[in-house]
Amino acid sequence: MGRHILKEEASGLLQLERPLRQFVTGPGRAEVELEARLSALGLRVRMWPAYDAYDVHVTFPDGWMWAVDVKDWAHPAFLGRAARPVPPEPPYDEAFWVVPQARVDDRPGYLASYERNRPAAARNLPLLTDTELIARARTCMRGSRPGGRQEALDA
């Protein structure tokens, strides 16, 4: 691996090795930004629960819980092939994979390509953009949850 560079020795631009850039720092930014946006809505948000079983655990005021796994992948077919159900622990009521809106904006057909390449075992795993997830959270905060707990309570 690389060597530790002391602050006083650093005289210019430094770069992390590619695996760290690709799998740690880049995706971490998307997760932290999503946490801030969900928290701003008044939701209780836990990051990387159960040692990163998934990325974000969201609890609504009525106790409804989401598991969110953020995937900041440029290539939607590779993402689709990698799709797996979200681990069941910690427990949740709904689970989503979420991709930054910018990825979808930059690549027409992103979501369709993901769906075409998703294995049968992950057919029920929706991929939303972060923008769609925030809109869905706002709707749920207003007391409307299609197919969710509120409809069951009203029945």
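Visitor: Which residue stands opposite histidine 57 in strand 3?

Guide: Two strands are said to pair if DSSP finds at least two bridges between them. Strands (E, at least two residues) and helices (H or I, at least four) are DSSP runs, numbered from the N terminus. In this case, alanine 67 of strand 3 is the residue opposite histidine 57. Strand 2 and strand 3 pair in the antiparallel sense over four bridges. This is a predicted model: local features need pLDDT of at least 70, side-chain atom pairs count only at pLDDT 80 or more, and totals for chains, interfaces and linings use all residues. Residues are numbered from 1 along each chain as its sequence is written, and side-chain values use heavy atoms, with hydrogens and water left out.

Visitor: In what sense do strand 1 and strand 2 pair, antiparallel or parallel?

Guide: Strand 1 and strand 2 pair in the antiparallel sense, over four bridges. Here methionine 47 is opposite valine 56 of strand 2.

Visitor: Which residues cover the two faces of strand 2?

Guide: Burial is read from relative accessible area: buried means under 20%, exposed over 50%, and partly exposed in between (1.4 Å probe, protein chains only). On one side of strand 2 lie Val56 and Val58, on the other His57 and Thr59, and all are buried.

Visitor: How many residues has the largest nonpolar core?

Guide: A nonpolar core is a set of buried Ala, Val, Leu, Ile, Met, Phe, Trp, Tyr and Cys residues joined through side-chain atoms within 4.5 Å. The largest one has 20 residues, and those with the most contacts inside it are Leu34, Leu38, Val58, Phe60, Trp66, Val68 and Leu133. At least two residues of this core come from each of helix 1 (18-40), strand 1 (44-47), strand 2 (56-59), strand 3 (65-70), strand 4 (94-99) and helix 6 (130-141). Helix 6 gives the largest share, four residues. A second, separate core has 15 residues, including Tyr54, Ala95, Val99 and Leu125.

Visitor: With which residues is valine 68 in contact?

Guide: Contact means heavy atoms within 4.5 Å. Leaving aside neighbours within four places in sequence, valine 68 is in contact with Leu34, Tyr54, Asp55, Val56, Val58, Phe96, Val98 and Leu133.

Visitor: Which residues of helix 6 are buried?

Guide: They are Asp130, Leu133, Ile134, Ala137 and Cys140. Seen down the axis of helix 6, these buried residues fall within an arc of 120 degrees, so they line one face of the helix; the arc is that of the directions from the helix axis to the C-beta atoms. Cysteine 140 has a relative accessible area of 9%, and its C-alpha atom is separated by 8.2 Å from that of phenylalanine 60, 80 residues apart along the chain.

Visitor: Which backbone values deserve attention?

Guide: Most residues other than glycine have a negative phi, and most peptide bonds are trans. In helix 2 (residues 49-52), tyrosine 51 has a positive phi near 60 degrees and is exposed, with a relative accessible area of 84%. Aspartate 52, also found in helix 2, has a positive phi near 70 degrees and is partly exposed at 42%.

Visitor: What kind of peptide bond joins glutamate 89 and proline 90, cis or trans?

Guide: The bond is cis, with omega about -10 degrees. Proline 90 is placed in the loop between helix 3 (76-82) and strand 4.
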